[in-house]
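Q: Could you show me how to read salt bridges and buried positions in a model, one feature at a time?

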Amino acid sequence: MVIDSGVVPKLIPLLSHKEVKVQTAALRAIGNIVTGTDEQTQVVLNCDALSHFPALLSHPKEKICKEAVWFLSNITAGNQMQVQAVIDAGLLPKIINNLSKGDFQTQKEAAWAISNLTIGGNKEQVATLIREGVIPPFCDLLNCKDAQVIQVVLDGINNMLKMAGAEVEQLCTMIEECNGLDKIEMLQNHDNIEIYKIAYDIIEQYFSGDADDDPNLAPSAADTGFQFDPNTNVPNEGFKF
């Protein structure tokens, strides 16, 4: 209904309006559209919405930053072409900066944006995310008190490890060097059973030091969207860091 009315092209320029209230309202209105189908999201992207986001993600008002990251978390939950649009617009470093330095509510939205990309993105897109330096600030959030955020981060890390193929040891080293492994080990004692299970599985599959275990053949969780077939060569291509 909103899209059919032709209002989207009129809303997009308001993302750069000088009045914060107008920006916020436009961002929320357009953000609600991209929570819909990939087709509805594409209508927004076709109106050059992403060109407004470098400024929005660096906005002095934290609320604008949070809304902007929330918006992008819905784009990274889309198809691979839409994920690529976020990458091509140069927005990953700014999402990661908000993950690292934003207030907690903004960091929370950034964690969703990152984790969504690891679910819907392809290997090269996830490798780009890692090259941009996502691992240290992503792992830092494992210290937070919000169980949902911890689970989102663990899911994202698990997805990256599953996709790493031949580069899995390099990725494990990155996680270890930023003290991520210590945090994951601690989470094996978490009260939340889902957090305990994911943390345990990550340690068991990728950090146990058992040479007989091939992490490339780790079974995929049904809800991650990744299914690795041990008879194919795809996982062995790995990331290109």
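This is a predicted model: local features need pLDDT of at least 70, side-chain atom pairs count only at pLDDT 80 or more; totals for chains, interfaces and linings use all residues.

Q: How many salt bridges does the structure hold?

A: The general idea is to look for a side-chain nitrogen of Lys or Arg within 4 Å of a carboxyl oxygen of Asp or Glu. The structure holds 4 such salt bridges, among them the one in which the side chains of Arg28 and Glu67 meet at 2.7 Å, N to O. This pair links distant parts of the chain, since Arg28 belongs to helix α2 and Glu67 to helix α5, 39 residues apart.

Q: Is Glu67 buried or exposed?

A: A residue counts as buried when its relative accessible area is under 20%. Glu67 is therefore buried, at 5%, whereas Arg28, at 34%, counts as partly exposed.

Q: Which residue forms a salt bridge with Asp146?

A: The partner is Lys108, with the closest N and O atoms 3.2 Å apart. Asp146 lies in the loop between α10 and α11 and Lys108 in helix α8, so the pair ties together parts 38 residues apart in sequence. Lys108 has a relative accessible area of 19% and is buried.

Q: Where is Thr76 found, and what is it in contact with?

A: Thr76 is found in the loop between α5 and α6, and it is buried, with a relative accessible area of 1%. A polar atom of the Thr76 side chain lies 3.2 Å from the backbone oxygen of Ser73. Leaving aside neighbours within four places in sequence, Thr76 is in contact with Val83, Val86, Ala113, Asn116 and Leu117.

Methods: Residues are numbered from 1 along each chain as its sequence is written. Side-chain values use heavy atoms; hydrogens and water are left out. Helices (H or I, at least four residues) and strands (E, at least two) are DSSP runs, numbered from the N terminus. Buried means under 20% relative accessible area, exposed over 50%, partly exposed in between (1.4 Å probe, protein chains only). A polar contact is a pair of N or O atoms within 3.5 Å; within protein, one must be able to donate a hydrogen and the other to accept it, and residues adjacent in sequence count only if both atoms are side-chain atoms. Contact means heavy atoms within 4.5 Å.
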